[in-house]
Amino acid sequence: MRSARHVLVVEDDPDIAELISRRLRSLGLCSSHVSTGEAAILVVRGDPPALVLLDLLLPGINGWDVVDAIRSDPSTAGIPVVVTTMLDRDGLEHLDVQGFLVKPFRALDLERAIARVLTPPEVPA
Amino acid sequence: MPHTGGTDADRGSGVSLASLITRSWAAAVCLVACCIAINVASFELQRATFGPRVDHLSDARTALAESLVARRAERRDLGLASSARSGTYAASAGAEAAVASSDEKYVTLLAAGDGAIARTVAETVSSAGAWSTSASGAAGRGGRPGFAGRSAAPGSSQPAAPSFARYRELETRLAGQLSAAIDAVRARRGTVTAAAAAIEAALVLLFGAGALWQLRRMRRAVVQPVNQLLGAIDDIARGVAPRQIGVTALAELVQLQVGLGHMAESREAAASQLRTTEEQLHRIMETASEAYICTDANGSVLRWNGEAVQLLGWTAEEALGEPIRRLILSGSLRDDFERCVRMSAEGRPRRRIDAVVKHRDGSDVEVEATLWTTEHRGKTLFNAFLHDVSRRRQAERDLRLAYERQREAADRLREVDKIRNEFVYTVSHELRTPLTSIIGYIDMLSDGSAGPLSDDQAQLVAVAERNSRRLLRLIEDLLALSRIEEGNLRIDMRPCSLNQVVESAREAIAPSLDARHIEVRLELDPLDTNADLDARQIERVLVNLLSNAVKFTADGGSISLRTAPGAAGMELTVADTGIGIPLEEQRDLFQPFFRSSTARASAVQGTGLGLSIVKSIVNAHRGTVALESTPGVGTTVKVCLPYSERGSATDSEPEERLQEEVA
């Protein structure tokens, strides 16, 4: 069992995934990475993380479907999701997620987004 | 004897009743006339022939009777005379003269009458004369007294005075013969009368026979045909060919028959047409692709076509006569059947309903039913077309379900596909991905995550960072422009402080001013009036304008930023002392990708998108943008944004701003 501060990064570009992981590490969080939506759904169900950082534009099933899958499964419905995207926020109001990050984002933005979602005691200042 | 007219052999004509009656009347009239004629003739005959003769004979008898009286008188006289024989001859002579005149009378009378009697009478007279002779002879002998000879009848010999007794005998005989003659004449007259009567009787009998015979013919001509016609009407009613009447029928009845024949024909034609129509209808119903059911007012099935068999599972034999409730009705349709019954009584005959009926095997069949009522021979019938819509319903349901489930996915897919299909989007996505890494890793370098940097290193990294952000801005410009071109740019208008936007913009371009010696002056509206604007977009506008100003102004120049309330709206002015743009090119400046000759000449980097983006955004704000420029002196761009409609600035909730990349 991982600790509660485990973050799942769903990102198809490996460099960006590495970038995010590094950032998370510097924030004191563990992370694991999958590069497809299907894998993300499996992992979320099998080993629920504290947060999912989800790229919307994925090959195969896209980020929306992943959000649906997470939300429709009672065991995973409560997991916070922050999506990373290059899109404008305009089309994404209906998405049941807890934060948006527009790529390219700065370290500060990532930090702020995570801070909003994970309760402060879990995020070391 | 008058005959009633003969009949013709062909049916077209017959004995006309009118002619029959006419003929009968004629016959009767003839009969009467004949009888009258006969009577008149017989009377005439009698009068002409027998009458006078009888009168003559009667007169003769009367004369004879007178004669006898005279004779008796004579005799008396003679007797007297004889008694007084001693008397005179003169008395007897007088008596004889009387007798002789009397005889003459006879002869005269009877000469005109019957020949035989006359002869007899003549004979008698002559005998009487003889008697007279003999009498006188006798007298002469002194016997009985006789008559004196009298003057003989003209032509006859002069007889002697006969003996009275013989005379009397002759007279008696003559009287007898006269009477007999009279009786004979009378008898003959009676015979004639009888004959006439007999003839009349015969005539009447004949007439009667003729009438009877005619009646019989009439019976043949009328009664039988009438019965046959009645039978023919029955035939027509029953639908068979009408029987024929006899050829001896009355002409009127024959015509009636002809008329009946026509009626039968047209009825047959109509019936045949009706049969054809019914067959056709039956065929149509049988082969119709709709199930057709007809029931009476109680619900007993009267018609059940082929499609009904297919749809509901009951064969026609099984269904006919069965109550419809038992067969197929359940729930809703049962109620509707009742309603249909009620409605037909109210006169609203037709409706269309959706219903669920039962198949023979118990399963449900969804149908669309069209119900209507008809009248047939005073009875109400209920009709229905049943259209199987189960497939359609199921498809509708599936579709709805699928639609609900897939709607969001479809929206999503649409969005994603739109994005993916867009070249610009694709490109920008592709460009941004590596750029994200570049910026991210450079960030990590510059904030010391990989260890502290030397000043040199920091400087190098700074350059890399600056340019990567520039690249990013370019990509975003491209994206924005493409969205603007598509009309997809969403403007989120709120009352905002223009001054704040200016500040943000200035911050954004600050890095580009680092190495440059350009003065940036801000002259901001002290009132900080709000205008209706989308802060992000206007910030982009300012950033673009400022970037241009920075790019095209040489070191030592200055840029001024001014906000001020104007007549039409908030005015935003960006002025520089840069290279300017020739007049003839100023109009084209706002076209996408247009780059002024001066810019190209100066090898200033740019995409030519900046101003077109500015214009599009300003237009979306219902604002205006104007440019003035003098080559070598500078350029001034003025943007006017309409005021907020809402008066004073409202405290809008701070949007959760995206963490956009701001330089």
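This passage describes a sheet in chain B of a predicted model, together with helices that lie across the sheet.

In chain B, five strands are arranged as an open sheet with mixed pairing, in the order E7-E9-E10-E12-E11. The edges are formed by strand E7 (519-523) and strand E11 (624-630), each of which pairs on one side only, and from one strand to the next the twist averages 10°.

Helix H13 (residues 498-513) of chain B lies across E7, strand E9 (558-565), strand E10 (569-576) and E12, and runs at about 175° to E7(B). H14(B) likewise lies across E9, E10 and E12 of chain B, running at about 20° to E10(B).

Helix H14 (residues 535-552) of chain B also packs with helix H17 (residues 610-620) of chain B, the two axes coming within 9 Å and crossing at roughly 150°. Because this angle is over 145 degrees, H14(B) is roughly antiparallel to H17(B), and the crossing in which H14(B) passes H17(B) is left-handed. H14(B) contributes B:Gln537, B:Ile538, B:Arg540, B:Val541, B:Asn544, B:Leu545 and B:Asn548 to the contact, while H17(B) contributes B:Gly610, B:Leu611, B:Ile613, B:Val614, B:Ile617 and B:Val618. Classified by residue type, the contact of H14(B) with H17(B) comprises eight nonpolar, four polar and one charged residue.

Note on methods
Residues numbered from 1 in each chain as written. Chains lettered and ligands numbered in written order. Predicted model: local features only at pLDDT ≥ 70, side-chain atom pairs only at ≥ 80, totals over all residues. Heavy atoms only, no water. Axes fitted to C-alpha atoms, helices over the stretch in contact; angles between N-to-C directions. Helix = DSSP H or I, 4+ residues; strand = E, 2+ residues; numbered from the N terminus. Parallel < 35°, antiparallel > 145°, perpendicular 65-115°, else oblique. Left-handed = near helix turned anticlockwise from the far one by under 90°. Contact = heavy atoms within 4.5 Å. Nonpolar A, V, L, I, M, F, W, Y, C, P; charged D, E, K, R; others polar. Pairing = 2+ DSSP bridges.
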